[in-house]
Protein chains: 2
Amino acid sequence: MNEQRATNVVWHDHKVERKEREQLLKQKGVILWFTGLSGSGKSTVANEVAYKLQEMGKLAYILDGDNIRHGLNKDLGFSPEARKENIRRISEVANLFADAGLITLTAFISPYAKDRNFCRKLAREGRFLEVYTKASLETCEKRDPKGMYKKARAGEIKDFTGINAPYEEPENPEIIIDTDNETVDESADKVIKKLEDLGLIKR
Amino acid sequence: MNEQRATNVVWHDHKVERKEREQLLKQKGVILWFTGLSGSGKSTVANEVAYKLQEMGKLAYILDGDNIRHGLNKDLGFSPEARKENIRRISEVANLFADAGLITLTAFISPYAKDRNFCRKLAREGRFLEVYTKASLETCEKRDPKGMYKKARAGEIKDFTGINAPYEEPENPEIIIDTDNETVDESADKVIKKLEDLGLIKR
């Protein structure tokens, strides 16, 4: 009997696919990749988008410095190689979350076009939306939520994006939010509308 | 006006917490950590559990060799250090998925108690269930789904768990499935029942 039962461990063909999870959730899995200078409002707008989605009964999740840099990527520093590996891992994880059916928001400066494009290529067609969170350096420096610009200007931080390290502007972002001139609410609504226009969510 | 609006980018306190996502999903986020020898049925049973959960309207996601080793962890080999880092990253990602509210199933041999306990400590209390997928080496070797035992016996693979590398049995696993004597269906039901008994899902 044991002998026979052991042979029961075979492939059942009961693999749940992305499409079925999306049907359950009544939404499409997608990556919203927020990119922009420190202080441009990536996390703030991403959180507002996630809040509005939750209110709509949609499942969203944010990957940001808080939950990535202190966990998965805590072994990584800020050298060019480490930054690249940082974005590579975030891309892979974001892709898993999108595969699970979630509206996945990432909020990282991600200054290099090449790194952002790595995630774009990894994602399914039409399931990667680059959200260029645009604000003037002047505005970002004035906001300076973490006091980083001050430190960078004082020479205490090297390679700080916008001050002594480059930020490569997205060439063809799917969404541009202009946080110099929009409220958080307006920017978040713009992102939600894009998700609706693309048929990724329905009210 | 621009000046004023720029100051609108402040914390809204609109952060969606795990609890709210769990309310939306009508389930609790948890990690089901399947551990056992190659061929013991980890992936097979995990897939059956995920299938049954989907049928119940619950959102589950599996992390396994297919989506981790070829993506996030494709830079890692099989040295002791690489194996440890492999499990560390999987643990961090599984913890993010559980935080997102998903019933998160991991299917990796994960032979070392220390590595499995890393994930246990990382997870919220009561949200890590070790699923010891038990089968005799004889059974696993007979099944040998990937022909790995044959290669290991032929000396083509070094450090193969159960043959020339140790497997540390879980001391106090929350669930034991005995795939020598249970059908895939029975094992999967046992896992589902445990989730119900613990109040992590309701029918």
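Me: How enclosed is strand E2 of chain B?
Reply: In this predicted model, four of the five residues of strand E2 (residues 60-64) of chain B are buried, so the strand is largely enclosed by the rest of the structure.

Me: What does E2(B) pair with, and over how many bridges?
Reply: E2(B) pairs with strand E3 (residues 103-107) of chain B, in the parallel sense, over five bridges.

Me: Which residue is the bridge partner of Tyr61(B) in E3(B)?
Reply: Thr104(B) is the partner of Tyr61(B) there.

Me: Over to chain A. What is the strand order in the sheet?
Reply: The order is E2-E3-E1-E4-E5 in chain A, five strands in an open sheet with parallel pairing. Strand E2 (60-64) and strand E5 (175-178) of chain A are the edge strands, and each pairs on one side only.

Me: How much are neighbouring strands turned against each other?
Reply: By 20 degrees on average, direction ignored.

Me: Which helix packs on that sheet?
Reply: Helix H6 (residues 113-122) of chain A does, touching strand E1 (30-35) and E4 of chain A. The direction of H6 makes about 175 degrees with that of E1(A).

Me: And E4 with E5, how many bridges in chain A?
Reply: Four bridges, in the parallel sense, between strand E4 (residues 128-134) of chain A and E5(A). Thr133(A) stands opposite Ile177(A) in E5(A).

Technical notes. Residues numbered from 1 in each chain as written. Chains lettered and ligands numbered in written order. Predicted model: local features only at pLDDT ≥ 70, side-chain atom pairs only at ≥ 80, totals over all residues. Pairing = 2+ DSSP bridges. Helix = DSSP H or I, 4+ residues; strand = E, 2+ residues; numbered from the N terminus. Axes fitted to C-alpha atoms, helices over the stretch in contact; angles between N-to-C directions. Contact = placed C-beta atoms within 7 Å. Buried ≥ 20, exposed ≤ 12 C-beta atoms within 10 Å, placed from the backbone.
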